[in-house]
Amino acid sequence: MVDLEQVAVEHAARAAESPHGRSSHLVLHDGVLRQTVIALTAGTSLDEHNAPAAASLQVLHGRVSLTIAGRLQELSAGQLHPVPQERHGLLAHVDSVVLLTAVTV
């Protein structure tokens with residue numbers, strides 16, 4: 001069993017110490033299902049990238065925006081949002097931790 005709060009706190013601390021302002025950890029890999037905790041410091045972003053077959057993003061701590069074709073979809077702690085089937089990125093407005101659930105094929 002994984003304690004998401006413990007993993008979130010640990011990776012938030014690692015992100016704060018990282019020169020890149022981020023840290024991630026694959027917490028579950030079961031066939032095509034992957035769940036990854038991603039911690040980002042305020043102002044840190046993940047550049048646009050292609051979407052997996054299906055995915056969702058749950059904000060565990062903080063406030064982030066999914067960046068999609070120049071638009072921002074803001075999400076706060078406790079919110080869950082599907083990841084769009086188009087190129088997208090992620091921007092942390094404050095120190096944040098998210099849980100990315102993805103199906104890969």
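## Charges, fold and strand pairing in a predicted chain

In this predicted model, the mean positions of the 6 positive and 10 negative charges of the chain lie 7 Å apart. Lys and Arg count as positive and Asp and Glu as negative, while His and the chain ends are not counted; the place of a charge is NZ of Lys, CZ of Arg, CG of Asp or CD of Glu. Because the model is predicted, local features need pLDDT of at least 70 and side-chain atom pairs count only at pLDDT 80 or more, whereas totals for chains, interfaces and linings use all residues. Residues are numbered from 1 along each chain as its sequence is written, and side-chain values use heavy atoms, with hydrogens and water left out.

The chain contains one helix and nine strands, in the sequence order α-β-β-β-β-β-β-β-β-β. Helices (H or I, at least four residues) and strands (E, at least two) are DSSP runs, numbered from the N terminus. The radius of gyration is 13 Å, close to the 13 Å that the globule rule gives for 105 residues, so the chain is as compact as a globular protein of that length. This radius is taken over C-alpha atoms, and the rule is 2.2 Å times the number of residues to the power 0.38. Along its principal axes the C-alpha trace spans about 35 × 30 × 25 Å.

Of the contacts with a separation of 6 or more, 61% are between residues 24 or more positions apart; a contact means heavy atoms within 4.5 Å. The chain exposes about 5900 Å², of which carbon and sulfur atoms supply 53% (Shrake-Rupley method, 1.4 Å probe; for residues, only the protein chains shown count as cover).

Strand S1 (residues 22-30) pairs with strand S2 (residues 33-40) in the antiparallel sense over eight bridges, where pairing requires that DSSP finds at least two bridges between two strands. Arg22 stands opposite Leu40 in S2. The hairpin of S1 and S2 has two residues between the strands, and Gly31 there takes a positive phi near 65 degrees. S2 is also joined to strand S9 (residues 96-103) by eight bridges, again antiparallel. In this pairing Thr36 stands opposite Leu100 in S9.

Thr44 counts as buried because its relative accessibility is 10%; buried means under 20% relative accessible area, exposed over 50%, and partly exposed in between (1.4 Å probe, protein chains only). Neighbours within four places in sequence aside, Thr44 is in contact with His20, Gly21, Arg22, Leu90, Leu91 and Ala92. Buried residues make up 34% of the 105 residues in the chain.
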